[in-house]
Amino acid sequence: MTDSTTAGASGGAAGTARAFVARVEAAVDLIGRAASWLTLAIVVLMAIDVLMRYAFSIGSVWAQELEWHLLAPLVLFGMTYALLKGEHVRVDVLYARYTPRTQAAVDLLSALLAVAMAALVIRYSIQFVSQSYVINEISSDPGGLTHRWLLKALIPVGFAVFGLMAAAQGVAAALRLFGPQPSTPPEARP
């Protein structure tokens, strides 16, 4: 994560780029923290659903569907939050041995691939969401939730946020790759 206090410290394009990265990171941090509260909602909902089903033999289709409906934004926004915090999957055993410049190059390539993947998911999910909206898709189960298109609309939204975060990480990696390199004494290198 970029230190937001130094985001605009240097002028010009690099300063603007750092400010962009800092703004995106702040927004993703806020979205990720808000989405994390869905975990509590899912746990409480599942506990109540299980208690009602097994203790009182009362089942609820809408409650079970709501669990999945809450899980979707948690996963979609959680993956972006994990990317921000550096908790995504990476082969750290190799990555840790790279020089800072090589790490920046790997990060830049990864960011470009992530942006391309996000763009593809957005492109192909728009029709999926549109079709669901046009037919006003609802649950096929009696007593299920309505407005399924709202849930499906989270797919392009979630991947847009993911793509934006990946782009910000790409900008940060490019600044590290093409910017001034700190000198490291030979004995400090791995």
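**Exercise 1.** In this predicted model, work out how the reach of helix 2 (residues 61-85) from its first C-alpha to its last relates to the expected value.

*Solution.* Begin with the number of residues, which is 25 for helix 2. The expected span is 1.5 Å times one less than that number, and for helix 2 this expectation is 36 Å. The reach in the model is 36 Å, close to what is expected. Finally, look just past the end of helix 2, where Gly86 takes a positive phi of about 75 degrees.

**Exercise 2.** Find which helices the buried residues of helix 2 pack against.

*Solution.* First list some buried residues of helix 2, among them Leu70, Leu74, Phe77 and Leu84. An α-helix has 3.6 residues a turn, so residues three or four places apart point the same way. Then trace the neighbours: the buried residues of helix 2 pack against helix 1 (12-56) and helix 5.

**Exercise 3.** Decide whether Glu137 is buried or exposed, and identify the side chain with which its own side chain makes a polar contact.

*Solution.* Start by locating Glu137, which lies in the loop between helix 4 (100-134) and helix 5 (148-178). Its relative accessible area is 19%, and because buried means under 20%, Glu137 counts as buried. Among the residues that Glu137 touches, leaving aside those up to four places away in sequence, are His147, Trp149 and Lys152. With the side chain of Lys152, the side chain of Glu137 makes a polar contact at 2.6 Å.

Definitions and conventions:
Residues numbered from 1 in each chain as written. Predicted model: local features only at pLDDT ≥ 70, side-chain atom pairs only at ≥ 80, totals over all residues. Heavy atoms only, no water. Helix = DSSP H or I, 4+ residues; strand = E, 2+ residues; numbered from the N terminus. Buried < 20%, exposed > 50% of the residue type's maximum accessible area, 1.4 Å probe, protein only. Polar contact = N/O pair within 3.5 Å; in protein donor to acceptor, adjacent residues only side chain to side chain. Contact = heavy atoms within 4.5 Å.
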